[in-house]
Structure formats: C-alpha cells, structure tokens
Amino acid sequence: MINNISAKIADSLVEAGAAPSEDKAIYEYGIKMGLLLVINVATAVLIGLLLGMVWQCVIFLIAYNPVRTYAGGSHASTSLICYLLSIPMILAVLLGIRMIPWNGYFCAIVLFIAVMVIVFLAPVEDPNKPLNEREITVYGRRARMYSALLSGAAVMLWFAWMKQISLSIVMALVVAALMLILGAVKNRRILEEKA
C-alpha cells in the first residue's frame, strides 16, 4: 500500500515537472521512507496518548533516534517488520517508565551499563546496513558523543526533579544498547554460519 502511494506521488511529481523522470525511483524511495517515518511516529504518539504518556513518548523518540542512527545494531529485514516490532518496544518503554520502581541508585546503574555498552560496541553494522571504515569511525564517535550528552542530561534532569523526562532519556539509551547487543549477537551468528 505504501509502495503504491509513494509511486503515485512520485509519478505526479514527474508529471508536474517538479522532479526529473530519471530520478523518479529516488523520489519514490524518499517519499516511502518519509511516509513510514510519519506512520511510525504517529503510532508511537497514539500509544503514548492511550497510556497518558505522550510527552514521555516524544522525549524517548527524540533521545533514541540520534543514538540509534549512529550506534546501529540489529535491524529488521523489512520496514513492515520494523514497524510491527516498534509497537511492543514503545509499549515496553512506556510501561517500564511507569511501572519499574526507579530510584536514584537503580537508575544510575542502568544508565551506566547502557552507556558502557554503547561506548564499547558502537557502531554495530547490520547485513542490511553495512558500514565502510570511515562510517565506522564517524558513527562510533557520534554515538558516544550523543550517549554522553544524553546521559549528562538525564542525570541533571533527575536531580532537577524532572524524573519522567530523565527516565525517558535513560530508556532511550537502554533500548539503543539492547539493539547493539542484539546486532552483535546476530553478526556473530552470521560469521559462525559462514565458517
């Protein structure tokens, strides 16, 4: 369905002269990715709305996306599977913020472990998203920078009694770290199967 919509939009751009016909496939891909992003964010916000945790959801997404972009980790084989897996992930994150009995010590330990995983593993490439040597260097540096900035923000917000915002950031780093671990395990299995 999304493929059809993006193809129709790309066709109309070419017909209107807004896009060259030889670049139609590029526009179609970009439109498809944009539509998927809108659907993913809208679904996450809807889940947040249903749980009464919209702003926690938005903070999580804002914190998670840059770290995930540069840290890498496990990726689904298709965008549909990615979308379907993101629904329970958002639910787990929001319920974790709400239901886990967080205190300063537990939060600090969880945050420290998540940041250490990111520092030592990032970036983890995926067979669906391979990285070259330059990307490995740049992405690793950026993942570590974002995780340091976010962990510093989480600590300051915790002590400023903005614990829900702090926990949203902590959960973003935790999920990014879990994706790295899953990606590293997946890559190891692939290497073992090839050997």
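**Aromatic pairs and backbone**

A: This is a predicted model, and a place to begin is helix 3 (residues 54–71), where F60 and Y64 both lie, four residues apart, about one turn of the helix.

Q: Are those two, F60 and Y64, buried or exposed?
A: F60 is buried, and Y64 is buried as well.

Q: And which other residue does Y70 pair with, and how are the rings arranged?
A: Y70 forms a stacked aromatic pair with Y146, at 5.8 Å centre to centre and with 15° between the planes. Because Y70 lies in helix 3 and Y146 in helix 6 (residues 133–159), the pair ties together parts that are 76 residues apart in sequence.

Q: Why does Y70 count as buried, and what about Y146?
A: Y70 has a relative accessibility of 18%, which falls under the 20% cut-off, so Y70 counts as buried. Y146, with a relative accessible area of 27%, is partly exposed.

Q: Which residues do ring pairs link into a cluster?
A: The cluster consists of Y70, Y139 and Y146, linked by ring pairs.

Q: Switching to the backbone, where is the cis peptide bond?
A: The cis bond joins A122 and P123, with omega at about -5°, and P123 lies in the loop between helix 5 (104–121) and helix 6. Most peptide bonds are trans.

Q: What about W161, what is its phi?
A: W161 has a phi near 60°, a positive value in a residue other than glycine. W161 sits in the loop between helix 6 and helix 7 (163–194), and at 69% relative accessibility it counts as exposed.

Definitions and conventions
Residues numbered from 1 in each chain as written. Predicted model: local features only at pLDDT ≥ 70, side-chain atom pairs only at ≥ 80, totals over all residues. Heavy atoms only, no water. Helix = DSSP H or I, 4+ residues; strand = E, 2+ residues; numbered from the N terminus. Buried < 20%, exposed > 50% of the residue type's maximum accessible area, 1.4 Å probe, protein only. Phe/Tyr/Trp six-rings, centres within 6.5 Å; stacked < 30°, edge-to-face > 60°.
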